Amino acid sequence: MGEVNLPGPTLTVPEALQSFTSKGLNVNDMTTLLGGHTVGVAHCSFFQDRLSNFQGTGAPDRSMDPTFVAKLRRICGTNANDPTAFLDQNTSFAFDNEYYNQIRLRRGVMQIDQELASDTSTAGIVSGFVRIRGDFRGVLPNAMIKMGSIQSSCWECW
C-alpha cells in the first residue's frame with residue numbers, strides 16, 4: 001500500500017469536512033474521530049506558526065488562550081530538535097472527553113482542533129461531548145468502524 005495522506009492540521013473545518021465526506025463520513029464522524037487527539041502529541045513544527053506568526057500576521061493565533069500560547073512557547077522554545085506537546089494538556093494519558101473541554105477553552109494545539117469548537121457545523125457536537133461524558137466514548141467505536149470500512153486503496157485518496 002502507498003503512503004497514507006490524511007487531512008492536515010491546518011485545514012479549516014469546511015476543508016477537513018470535505019475530505020471526510022468524500023470518504024463517506026459525516027460531520028459527526030469527523031468531530032468524533034478528531035477526539036482521538038485526547039491522547040498523543042504533536043511536533044512543534046506542526047503548530048509553531050500559531051504561536052508567533054499566524055497566517056503571516058506577526059502575532060499569535062487570536063483564537064488561542066494567551067496563557068496557553070505562552071505555555072506552548074516554553075515547550076517549543078528554539079530547540080532545533082522539534083519537541084512535542086501533548087494535544088490534551090490536562091489528561092494527556094487518559095482516553096476521555098477532556099480534549100473537547102480544552103478546545104472550548106481555546107486551548108487547542110492544532111488549528112483544526114481549535115476550529116472545531118467555534119465552527120457552527122461542529123460547535124454543538126463539541127458542546128455535547130463536554131456536557132455528557134459518555135457520549136464521546138459511546139459514539140467513537142461506530143465512527144472508527146465506519147472509517148475502517150473505507151477501502152484501503154481509498155486511504156491514498158485523502
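## Exercises: salt bridges, helix packing and annotated sites

A search of the whole structure finds three salt bridges (a side-chain nitrogen of Lys or Arg within 4 Å of a carboxyl oxygen of Asp or Glu). The model is predicted: local features need pLDDT of at least 70, side-chain atom pairs count only at pLDDT 80 or more, and totals for chains, interfaces and linings use all residues. Residues are numbered from 1 along each chain as its sequence is written, and side-chain values use heavy atoms, without hydrogens or water.

**Exercise 1. Describe the salt bridge between Lys146 and Asp29.**

Step 1. Start with the general idea. Side chains of opposite charge can pair when their charged atoms come close.

Step 2. Check the distance. The closest N and O atoms of Lys146 and Asp29 are 2.7 Å apart.

Step 3. Lys146 sits in helix α8 (residues 133-148) and Asp29 in helix α2, 117 residues apart, so the pair links distant parts of the chain. Helices here are DSSP runs (H or I, at least four residues), as are strands (E, at least two), numbered from the N terminus.

Step 4. Buried means under 20% relative accessible area, exposed over 50%, and partly exposed in between (1.4 Å probe, protein chains only). Lys146 has 32%, so Lys146 is partly exposed. Asp29 has 8%, so Asp29 is buried.

**Exercise 2. Which loops does the salt bridge of Asp65 and Arg107 tie together?**

Step 1. Confirm the pair. The side chains of Asp65 and Arg107 meet at 3.4 Å, N to O.

Step 2. Find the loops. Asp65 lies in the loop between α3 and α4, and Arg107 in the loop between α5 (98-104) and α6 (111-118). The pair therefore ties together parts that are 42 residues apart in sequence.

Step 3. Asp65 is buried at 15%. Arg107 is partly exposed at 29%.

**Exercise 3. How do the axes of α1 and α2 cross?**

Step 1. Recall the method. Two packed helices are described by the angle between their axes and the distance between the axes. Axes are lines fitted to C-alpha atoms, for helices over the stretch in contact, and angles run from 0 to 180 degrees between N-to-C directions.

Step 2. Read the values. The axes of α1 (residues 13-21) and α2 (residues 27-34) come within 9 Å and cross at roughly 105°.

Step 3. Classify. Under 35 degrees counts as roughly parallel, over 145 as roughly antiparallel, 65 to 115 as roughly perpendicular and the rest as oblique. α1 and α2 are therefore roughly perpendicular to each other.

Step 4. List the contact (heavy atoms within 4.5 Å). α1 brings Val13, Ala16, Leu17 and Phe20, while α2 brings Val27, Met30 and Leu33.

**Exercise 4. Where does Thr38 lie, and is Thr38 buried or exposed?**

Step 1. Consult the record. UniProt, in an unreviewed entry, places the feature "binding site" at Thr38, Asp88, Thr91 and Asp96. UniProt positions follow the numbering used here, feature names are shortened, and annotations may be inferred rather than shown by experiment.

Step 2. Look in space. These residues spread over 59 residues of sequence, yet they cluster, with a largest C-alpha distance of 9.8 Å.

Step 3. Thr38 is in the loop between α2 and β1 (41-43). Its relative accessible area is 0%, so Thr38 is buried.

Step 4. Find its partners. Leaving aside neighbours within four places in sequence, the contacts of Thr38 include Asp88, Thr91 and Asp96.
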